[in-house]
Amino acid sequence: MTICDREKCSGCFACLNVCPKNCISMVEGKLGHIYPQIDESVCINCGACARVCPQNDMPPLYMPRAAYATKSATLEEYENASSGGLASVLSRKILAEGGVVFGCGSDMSEGIKHIKVETEDDLWLLRGSKYVQSHIDSIYREIKEILKGDKRVLFIGTPCQVGGLIKYLGKNPENLITADLICHGVPSQRLLFEHLKTMGADGGKYITFREKAGSYIRVSDSDKNPIYYSESLDDDYYLGFLYNLTLRDSCHNCSFSKNERCSDITVGDFWGLSPEAKIKKPNGISIALINTDKGGAFFDSCGELLESEERPLSEAFAGNRNLRSPTEKPEARAKFTKNYENKGFKKAIKKALFKKRLRSKTIRFFQKSRLFKKLINILRHK
């Protein structure tokens, strides 16, 4: 039994959450990406899973009405964020109102998954980018129960996860704020953990992929002491993500990679921000796309917590490819998949990335070379 076309399935968990008989489980495919599997001996053929699937019937989409370049007005929060700190500000605002936040956590002890945060002291668990698919598990059900009361809920996730939540709820309640992330695509957790085991970091508890210091993978123990660190261009997993070798199939034909958005607010890096922008951007600026009236009202309520400047929508779309189209599948993906099945992640990724790694190392060698720097200075002053 199938719920949707396998190549379109995003692993959003909407089907698992809606099933009245709990007969759907998530199982791994060839590269570890998760897909729903139905226990036909228990299934009552109600069709709820097919109806809730956002790949079969998309949730409402909204053309953004405004774009802002923005960052936290709090220096410490801004410095600890991977970009401008917008997601952190939105989260603090909801918590200050007595609400709860759901987002991808950095704790790897039970796999990387969405968690509930109810206090500001725990917000650090959601901070930073995670270049891997977060598992939703039964979070949608928990959100539905909370929304029945007066509490406000902020849900932060990839567009397909937001779409899955909206389809599961069947509506967009007034006390729910959704924020979708501008998503490049997601590798599987199996690939990440296999890589970390190879690097001797499989016993780590917390993971961070990117902060103000740059792009890297850092794994820490329960006391937050680093046990593994690698810059992005030196790390096989990171390179596999950057060169689109490890993303799930649905990421390459993503129905959500377009101007129209499914959330109240779209969050990400403001790539392509004009040098003429007045907002200061020493270490990253967030983008905020305002997609609904509810999202606009909530963003406005955070005004004192943010430094913001409205920018043209055309500038926002031009600088962020995944606001226009899905990430393309590279030719080397097929080679990586075949080698992975026979030789595992380490050998497969090295074979697929050999030419790109050689090019990256050559560029970095010349960038660090004193002779090269002197030559560049000579040419600049001619």
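Tyr131, Phe209, Tyr237, Tyr238 and Phe241 form a single aromatic cluster in a structure that holds 12 aromatic pairs; rings of Phe, Tyr and Trp (its six-membered ring) pair if their centres lie within 6.5 Å, with planes under 30 degrees apart counting as stacked, over 60 as edge-to-face and the rest as tilted. The model is predicted, so that local features need pLDDT of at least 70 and side-chain atom pairs count only at pLDDT 80 or more, whereas totals for chains, interfaces and linings use all residues. Residues are numbered from 1 along each chain as its sequence is written, and side-chain values use heavy atoms, with hydrogens and water left out.

One of the pairs joins tyrosine 68 and phenylalanine 299, whose ring centres are 5.0 Å apart and whose planes stand at 35°, so the pair is tilted. Tyrosine 68 belongs to strand 3 (residues 66-72) and phenylalanine 299 to helix 9 (residues 293-301), so the contact ties together parts 231 residues apart in sequence. Helices (H or I, at least four residues) and strands (E, at least two) are DSSP runs, numbered from the N terminus. Tyrosine 68 counts as buried at 18% relative accessibility, and phenylalanine 299 is buried at 5% (buried, under 20% relative accessible area; exposed, over 50%; partly exposed, in between; 1.4 Å probe, protein chains only).

The rings of tyrosine 131 and phenylalanine 209 have centres 5.5 Å apart and planes at 55°, so this pair is tilted. Tyrosine 131 lies in the loop between strand 5 (114-117) and helix 5 (139-147), and phenylalanine 209 in strand 8 (residues 206-211), 78 residues apart. Both tyrosine 131 and phenylalanine 209 are buried.
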